[in-house]
Amino acid sequence: MAKGIKDKVAVLGMGCSKFGERWDMESEDLMIEAFTECIADAGIEKKQLEACWLGSYFIEINIGKAGIPAAVALKLPFLPVTRVENKCASGSEAFRGACYAVASGACDFALAIGAEKLKDAGYGGLPAIAVDGQMEVMLHADWTAPGAFAQLASAYQAKYGMSMEQLKEAMAYVSWKSHQNGVMNPRAHLRRDVTKEQIMKSPMIAYPLGLFDCCGVSDGAAAAIVTTPEIARSLKKDEEIVYVKSLQIACSSGEEAMYTDWDGTSVMSTTLAAQRAYDEAGIKNPREEISMMEVHDCFSITELVTMEDLQISQRGKAPEDILNGFYDLKGGGVPCQTDGGLKCFGHPIGASGLRMIYEMYSQLLQRWPEERSVKDPRLALTHNLGGIPNRNVVSLVILGK
Amino acid sequence: MIGIRSYGAYIPRYRLNRKKIFENMGWLNSATAAHSRGEKAVANFDEDPVTMAVAAGMNCNNGFERTEPDGVYFASTTLPYKERQNAGIIATALGMRENVRSADFTGALKSGTTAMLSALEAVGSGEMKNMLVCASDCRLGKMGSPQEMIFGDGAAAFLISDHDVIAEYKGSYSITSDFVDHFRGSFEKFDRQWEDRWIRDIGYEDLIPKTVEGLLKKNALKIDDFAKVIYACHYTGERKKLNKNLGVDPEKVQDIMLGEIGDMGAAQPMVMLAGALEDAKPGDKILVVSFGSGCDAIYFEITDKINDLKKRKGVVWHLANKAELDTYAKYLVWRNIIPFETGLRGEEDSPTRWSMIWRYNKAIYGFCGSKCKKCGTPQFPPQRICVNPECGARDEMEEYYFSDKTAKIASYTGDNLVASINPPQIYGNILFEGGGKTMMDFTDCDLESLKVGMSVAPAFRIKYYDERRGIVRYFWKAVPVKEVE
C-alpha cells in the first residue's frame, strides 16, 4: 500500500533569478542565474547530478521543445533531462519529477529547473497563442486568462449576495497586501507601494478585474536540487534541511466545464488536491497547522477563492479574513504571498511553481531579514494553478522541517 | 395545396442613424442629405448574410422539426463564400438532415423570389414535401455614397410545403432583363449604380408594371383583388407613381421600412412578405414583386391555417428590438471598410483545420452536443465518456442539440484584453435548461445589462475572420433573451 511522499525527499538547495522585464537576458541566461545559486546552496558539484526536469510553457517565444535547451545552457553532462509542461503549474511539475526520481531510489541527486521568457511577446498579458488545442478555439468563448478568472468574481458576488464594490474591496486588499510584501523583496518584478484606492481605480482589464487585480507577466527562472533525507543529513545540519511533506496534483475531469454541479465560485481541483495533500502530510486543521503559503494569485479573485478551497477560510468567509489582515505577513494568521506572490514577484510561467517553493524553503530556513520573515514557521504550502477555473491543473506542495 | 407553411424574419439589433453618416460624410457628397432620414439596420460585427439567414431560419422553424425540410435554398448577393456552398453551412447550422437538396441563389436582387419559386416548384413537382428558403443581404456602399445611406441588413425565411400551408401559392410571372441599374463585379466589395433617373424611369416604371400585368392577365385578376401588394423600390416619389400606374390603393401597399431598416437587397421583398403575413387574414390575396435583373411576381392566398401558426418574433418584434450604433466609425470597422488596429495580440495567427471542422461539423455549426442514454446528462462538446462522475458510461451517447435551448448565466465577464473589434469581449459560463453547461461568447448585449441568472439563447455567429486566407469561421454565441413590448 502506497504511503505517499512524506519525508522521503529533502530539498538540498534552491535558486531563483530576479524576476521582471529581463530585456537583456535569454531563458538560458536566467537558468544559469537560478542554477548557479541553487548548486552553491546545495553544496554539491554539477557532476553529482543524475537527472534533471525542466518546466517551461510558452516555448513558442522561448526555448523551444524538449529538455535539450536546459542541458545545453547549463552544460549538464549528458544527463537525462525531461521537459515537462502542465500549464502554469509546470514549475511544480518539474519539482515533482525530481522528487519522484529520488523517492524511487533511481538517483541520489536530481535537479528541477523552470524558466520562462514572456516579455518577448511584444505585448502585455500572456501570449495569444492557442494553448488548449484547435477545438477549444472552435467551440468555446474567445477567452483570456483575466476574463476566465474574472468570472469567479461575478459568480461569487451573486452567490454570497455581496455588491461588486464589497467584493472589489476584499480583492483590492489581496493585491495591496502582496504589494506591501513585494516592496521589500529585491528580486520581485513589481516593487511599487500602491494604495488600495489606486488598485480599486486601476483600468479595467476584464470586468471586474482591474490592472492591479492581475499579476505581473515576467521573465525568470528558479531551480531546486533534491536528494534523499539520509544524504541531506550527511551533508547539512538538521535545522538546515527542508523535507517534502506532500506533492499532490489534480486535473479537471471536465465536470466543472460541462456538468452542472460546480457553481463557479471555487476551483474544484484545488479543493480536491488540498484534501489529498493534507491527508498525505497528516494535517488535520490546515488553518491552525499551516504556517505560511505561496498560492497562485494570478488574479486577486483567484487568491480569494483559493483561501476557501484550501480550507483556510470557510466558504463565503475569505473576504472577511482578508480584510481582517489574517493573510498579512505580520497579521498573526497564515501569511500568504510573503515574497509578493505572482502579483508582485512576477509570473514567468515555467518558473513560478519553483519560485513559490524557493520562497517557502527560504522562509523555513529563516534566511530573510526580520522585516519580511515569518516567525517560527513549521509547515509551508505552495499552490500552483494552471488553466482556468473550469478546466485546470492544480499542484500542491507541502514542505516542513 | 402548396405554399408557405411557416415564415420567419431577422433584423440585426444595431441601427445606425443616417444623420450620423451625413455628419461624417456629407461634406463629400451633400446630395446624400436627401437620403439621411431615419436609420438603417446594421449587422453586428459578428454577423453576415449566412448568420442572419440562420437566425431567420430558426425563427421560421419555431414549432417545426428541424429534420422536416427536404432542402434549403439560400438567396443573397453578398455570399461570404464564392466556392463552398453557403446554403450547406445554413443546413448544418439549422440541424437539417444530410439527405437534403441545397443551392445558393445569387447574382440578382430578385434571387430571393426566384429561390422561393424554385422551392414552390420543387414541392409542386411532388419530389419534395418541405423546402426552406432563406434570403439575406448585407450590401455595402462606399463612404459618402447614396448606397451607404440606403442599404440596410435583414433576412427572411419561409418553409415551403405541400401541406398545412398558411398562404397558398396561386401563380407567378417572371421577366428576365439584363437591365443594369446596380452591379458589383466579382472582385468588388462595393455596389455601383447608374443614374437614378434611368433606374426609376426605365427600370422600375417599365419592368414592375409589365410583370404585374403579366401576372394579372395569366391569372385573370384585377389589382383590386389583392389585399396586399409588395414591391421593392426605395424611391419614394417613384413608389407614388407606381401605385398610380398600377392602380393600387396606397393603403394596400406593404411598407418598405426604408426609414427603419433600409434596402435589404435580395431579402427586401422577402422581409416585406414576412411582415405582410404577420397581420394577414384568411382569404387575403398577396402579391409579391421583386426587382433586379428583371422581376418575379408571386401570388398567394392566405388560408385558415394562419390562425394556427405558433407565435413568432417576426418583423414587428425585430423592429422594436433595437439598439443604436453609437458611432459611424464602428460601422466602418465592423464592415472592414477602413483599416484599424487591434494590437499585436490581434495579429497572432489562428489557422483553420478543415479536416477537424469536418469531424466536428455538427458540434461547431449545429451546436450539437451529446446526451448520455444511461443517465440523461446533456453535454457539450459531444463526449464519448459521460461527464457525469456518477455515470461515466462509454459510447452510450445520442445527438443533442443545444441550438434551440435557453440557458442561464452562471458567471460572466467583459474582457478588454481580447483582440476584438467590439470590445469588451463578453463571455461567460452558462447552464442550459434541461442540463448541460459551457463557456460561450455573448453578443448583442452590453456588459452593464448582464446579471448572473439572466436567460440567454444561442445564436449562430461569426467566430473568427481570417483576412489573410479569406475564411469566415462560425460558431454559436449566447444572446440575452429579451421580451420586447
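Modeller: The domain bounds used here come from an automatic or database domain assignment. The model is a predicted one. In chain B the assignment gives domain 1 as residues 3–334 and domain 2 as residues 405–480. Taken over C-alpha atoms, the centres of domain 1 of chain B and domain 2 of chain B are 28 Å apart. Where these domains meet, 14 residues of domain 1 of chain B contact eleven residues of domain 2 of chain B. On the domain 1 side, at least two residues each come from helix H2 (49–61), helix H3 (86–93) and helix H10 (328–334) of chain B. H2(B) contributes the most to that side, three residues. By class, the domain 1 side that touches domain 2 of chain B has eight nonpolar, two polar and four charged residues.

Chain B also meets chain A: 44 residues of chain B are in contact with 37 residues of chain A. Helix H4 (133–139), helix H5 (145–159), strand S5 (204–206) and helix H9 (255–258) of chain A each provide at least two residues of the chain A side. H5(A) has the largest share of that side, with seven residues. The side of chain A that touches chain B consists of 21 nonpolar, 13 polar and three charged residues.

Turning to the interior of chain A, strand S8 (residues 242–251) has eight of its ten residues buried, so S8(A) is largely enclosed by the rest of the structure. S8(A) pairs with strand S11 (residues 391–400) of chain A in the antiparallel sense, over eight bridges. Within that pairing, Val244(A) has Leu399(A) of S11(A) as its bridge partner. S8(A) is also joined by two bridges to strand S1 (residues 10–16) of chain A, and these two strands run antiparallel. Here Tyr243(A) of S8(A) stands opposite Ala10(A).

Chain A also has a helix crossing to look at. Helix H3 (residues 90–103) and helix H15 (residues 349–364) of chain A have axes that come within 5 Å and cross at roughly 65°. From H3(A), the contact uses Ser90(A), Gly91(A), Ser92(A), Ala94(A) and Phe95(A), while the residues from H15(A) include Ile349(A), Gly350(A), Ala351(A) and Arg355(A). The contact of H3(A) with H15(A) comprises six nonpolar, six polar and one charged residues.

Notes: Residues are numbered from 1 along each chain as its sequence is written. Chains are lettered from A and ligands numbered from 1 in the order in which they are written. This is a predicted model: local features need pLDDT of at least 70, side-chain atom pairs count only at pLDDT 80 or more; totals for chains, interfaces and linings use all residues. Two residues are in contact if their C-beta atoms, placed from the backbone, lie within 7 Å. Helices (H or I, at least four residues) and strands (E, at least two) are DSSP runs, numbered from the N terminus. Ala, Val, Leu, Ile, Met, Phe, Trp, Tyr, Cys and Pro count as nonpolar, Asp, Glu, Lys and Arg as charged, and the others, Gly among them, as polar. A residue is buried if 20 or more other C-beta atoms lie within 10 Å of its own, exposed if 12 or fewer, and partly exposed in between; C-beta atoms are placed from the backbone. Two strands pair if DSSP finds at least two bridges between them. Axes are lines fitted to C-alpha atoms, for helices over the stretch in contact, and angles run from 0 to 180 degrees between N-to-C directions.
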